[in-house]
Amino acid sequence: MAIMISIPAGIMANQEATQNLTENYNSTISNMQDEINKTATLIECRTSSGRGMPQGMPPGMPFGPGQEEVFVNETVVNEIRSIGGVKDVVEFLEKSSEVTTSETISTPRGDFTISRPLYTITGVPLNSSLINNYSILPTDITSGRNLNEEDTGVVLMSSNLTDYLEVGVGDNVEIYGESFTVVGIYESTSQSIMQTRGVYMNIIEAQTITGNTGNVSRLDVYADDVSNVDGIADVIKAAYSDLYVTTYKDRLENLERMQEMYQTTLENAESTISQTQTVATQEIIIAVVATSLIVLFVMLYTVRERTKEIGILKAIGFSNWNVMSQFMLEGILISLIAGVVGIAIGSVGASTITSLLLPHVSLFPTQQREFPRQTPLNPGGTALSQSITVLPDLQTILLAFGVAVLLGAIGSLYPAWRASRTSPMEALRYE
Amino acid sequence: MSELVLETQKLDKVYKLGGRTVRALSDVNLQVKKGDFISIMGPSGSGKTTLLNMLGCLDRPTSGKVILDNVDVTKVPERKLFKIRRHKIGFIFQTFNLLPYLNALENVELPMEGTKKSGDKKKQRASELLKMVGLSEREGHRPHRLSAGEQQRVAIARALANDPTIVLADEPTGNLDTKTKYEIVRLLGTLNIDQGTTIIMVTHDSHIAARAGRMLSLYDGKLGKEKEGTHLLKKELICPYCGGEIQPDNTFCPHCGKKL
């Protein structure tokens with residue numbers, strides 16, 4: 001009985017987990033699609049590949065700076081701006097803090113200690129026309145205000161950084177040896193521990209304090225029309241081989257790759273689940289047959305043990321039907337009690353029983369589970385091999401009760417019939 | 001003139017035992033009138049129990065008729081026989097055969113299961129019967145907490161539950177000590193006289209058999225000559241120690257000399 005209610009619950013939990021993942025991915029992908037469509041005219045130029053952590057890093061290895069931060073001189077900005085069809089160029093300076101933090105993160109595979117920059121500075125040109133026309137600053141301000149034109153000596157911080165530093169709006173913080181006032185806090189987009197802690201400030205100040213006067217690390221080039229994007233990108237690629245240029249086409253390709261990966265993942269999960277269901281069905285059939293057989297043998301034994309009693313009952317006027325219903329009732333009662341016990345065990349131990357009896361539903365290839373990483377596919381950066389909560393629902397429990405009654409009836413049918421056919425005279429002689 | 005409640009005509013029963021044919025009953029013609037107290041005596045293997053099983057509809061004869069309340073029960077199909085056993089026959093066994101997990105009251109209620117009586121009515125009836133056999137105080141006791149004599153009293157009360165036409169007692173005193181034996185047979189005699197219960201009692205004990213109104217003997221499956229019983233028809237008292245006749249004003253038994 002425990003098996004009977006745990007396994008369906010386990011399957012259901014697995015299906016639910018897959019469904020949640022599907023929904024999660026669908027919304028992520030559609031968000032990205034929207035973003036790509038909105039920024040069709042944007043050509044991103046970075047001085048480094050911008051991929052963050054190198055691929056395939058073994059677990060336990062500290063998060064280094066990832067890769068060297070490279071900068072180019074901002075004279076490039078004006079050169080690019082002069083290319084035909086370019087509407088605007090927004091320059092950024094992104095620089096990690098010199099201070100690093102050591103953090104322990106828990107995953108189902110164990111704890112990892114990582115070391116990463118305390119924060120990343122993003123220097124932004126505080127020009128009102130750029131701020132108004134392009135999304136270059138965070139928009140989700142939770143307290144204080146956003147950065148304004150020509151702000152100096154002030155910073156906008158992500159909520160995870162202010163939480164970490166335990167500062168609020170109006171407090172002063174020291175960045176690269178200089179004091180800045182926090183004017184606003186923006187919501188970091190995810191709850192993940194790996195979310196970058198960001199500081200936004202005037203690009204001129206960022207260049208000064210980090211010793212990068214005249215340097216930039218990223219250029220957002222806006223074309224005046226979508227049709228010009230490819231031409232501009234080609235010109236930039238030809239002229240500046242050290243820039244990594246991506247257009248919306250590249251980003252779309254990226255997205256398609258992600259979708260393919262997701263499809264494969266989902267197919268994997270589905271095939272595992274259907275395999276699981278086959279095993280589960282077999283197990284349930286075995287459990288049902290075993291239960292009926294147990295009831296059958298127990299009742300046959302009972303009838304044999306109580307032959308004399310049957311003789312007495314029949315001698316004092318019990319009908320065949322009286323005797324039969326008596327034993328049927330007993331069989332049903334026994335399996336009902338067994339059902340209650342089984343449901344109790346099943347409800348408490350569903351997860352354990354499921355994991356023992358069902359093949360493990362792995363939704364992702366192993367090496368991807370080794371280390372939680374923030375990828376577009378896994379926006380939270382959480383481990384995807386999350387433990388699945390298995391809890392039988394009321395419907396399953398009621399069904400199990402029904403099955404218990406039915407099996408009790410089936411299993412005791414033959415013994416009860418035999419009891420009712422017993423000859424009273426012979427039964428009375430039985431000792 | 002008392003009416004005939006039970007009659008057997010040319011009753012034969014033949015068993016096949018390991019290729020050998022055993023004639024358990026042979027041409028048994030028995031007539032039982034309402035209010036009779038009959039004892040059937042005979043040695044082991046004489047067919048006493050076989051006869052009782054025929055009368056109690058537990059077994060069928062090879063040939064002949066068993067007419068109970070004007071119905072030939074040998075012609076009643078098996079599936080309807082339980083009604084006759086339930087309403088017309090009360091069984092008393094040598095080994096009492098009470099159900100060990102039921103108390104005295106529930107054991108007496110048992111034959112009323114499946115009848116149309118309500119739960120309260122059954123309880124009331126069972127309670128009355130236990131009072132009649134002198135066990136009012138023992139209603140809630142299970143058989144293992146009752147003495148052998150008390151257990152047999154419960155069994156007698158159970159046999160009377162559905163007010164049967166006839167009570168069949170198979171060696172009712174066989175498992176009892178001398179004192180209790182006479183108590184039980186006196187109870188049967190009292191029921192016979194006070195309630196008019198028709199009783200057929202099988203025994204191999206001639207002292208016990210002699211307490212009945214009519215004494216029959218069975219030998220090799222054949223009924224012997226009928227004798228008239230003595231005691232209970234005359235309503236005399238019995239010494240619980242030796243079974244001898246005593247008078248109501250006796251302080252000591254005139255036969256064995258024990259204090260009464």
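Residues are numbered from 1 along each chain as its sequence is written, while chains are lettered from A and ligands numbered from 1 in the order in which they are written. Because the model is predicted, local features need a pLDDT of at least 70 and side-chain atom pairs count only at pLDDT 80 or more, whereas totals for chains, interfaces and linings use all residues.

**View 1. Chain A and the confidence of its prediction.**
Chain A has 12 helices and 14 strands, where helices (H or I, at least four residues) and strands (E, at least two) are DSSP runs numbered from the N terminus. The average pLDDT of chain A is 78, and 82% of the residues score at least 70; pLDDT is the predictor's confidence in each residue, from 0 to 100. Two stretches of chain A stay under 50, namely residues 51-66, for which the model has 13 contacts beyond four places in sequence, and residues 363-387, for which it has 48 such contacts. Two residues are in contact if their C-beta atoms, placed from the backbone, lie within 7 Å. Where pLDDT is low, the predicted coordinates should not be read in detail.

**View 2. The contact between chain A and chain B.**
The contact takes 11 residues from chain A and 17 residues from chain B. On the side of chain A that touches chain B, the elements that give two or more residues are α8 (307-315), α9 (320-357) and α12 (424-429), and α8(A) gives the most, with three residues. The residues on this side of chain A divide into six nonpolar, four polar and one charged, with Ala, Val, Leu, Ile, Met, Phe, Trp, Tyr, Cys and Pro counted as nonpolar, Asp, Glu, Lys and Arg as charged, and the others, Gly among them, as polar.

**View 3. The nonpolar cores.**
The largest nonpolar core has 87 residues, and those with the most contacts inside it are B:I38, B:V108, B:L130, B:L168 and B:I200; such a core is a set of buried Ala, Val, Leu, Ile, Met, Phe, Trp, Tyr and Cys residues joined through C-beta atoms within 7 Å. A residue is buried if 20 or more other C-beta atoms lie within 10 Å of its own, exposed if 12 or fewer, and partly exposed in between, with C-beta atoms placed from the backbone. The element that gives the most to this core is α9(A), with six residues. Apart from this core lies another, of 39 residues, among them A:L126, A:L147, A:A206 and A:A223. Leaving aside its neighbours within four places in sequence, B:L168 is in contact with B:L52, B:L55, B:G56, B:I89, B:F91 and B:I200.

**View 4. Helix α7 of chain A.**
Helix α7 (residues 248-305) of chain A has 58 residues and reaches 83 Å from its first C-alpha to its last, close to the 86 Å expected at 1.5 Å a residue, the expected span being 1.5 Å times one less than the number of residues. Buried residues of α7(A) include A:Y248, A:T265, A:A269, A:I273 and A:T276.

**View 5. Helix α1 of chain B.**
Helix α1 (residues 48-55) of chain B is mostly covered, with eight of its eight residues buried, and among these are B:K48, B:T49 and B:N53. Just after α1(B), B:C57 takes a positive phi of about 60°.

Strand β9 (residues 172-175) and strand β10 (residues 178-186) of chain A pair in the antiparallel sense over four bridges; two strands pair if DSSP finds at least two bridges between them. The bridge partner of A:I175 in β10(A) is A:E178. Two residues lie between the strands of this hairpin, in which A:Y176 takes a positive phi near 50°.

**View 6. An open sheet in chain B.**
Four strands of chain B form an open sheet in the order β2-β1-β4-β5, and the pairing is antiparallel. Because β2 (20-33) and β5 of chain B stand at the edges, each with a single partner strand, one side of each is left without a neighbour in the sheet. β4(B) and β5(B) pair over two bridges, and B:I67 stands opposite B:D72 in β5(B). In the loop between β4 (63-68) and β5 (71-72) of chain B lies B:D69, which has a positive phi of about 50° although it is not a glycine.
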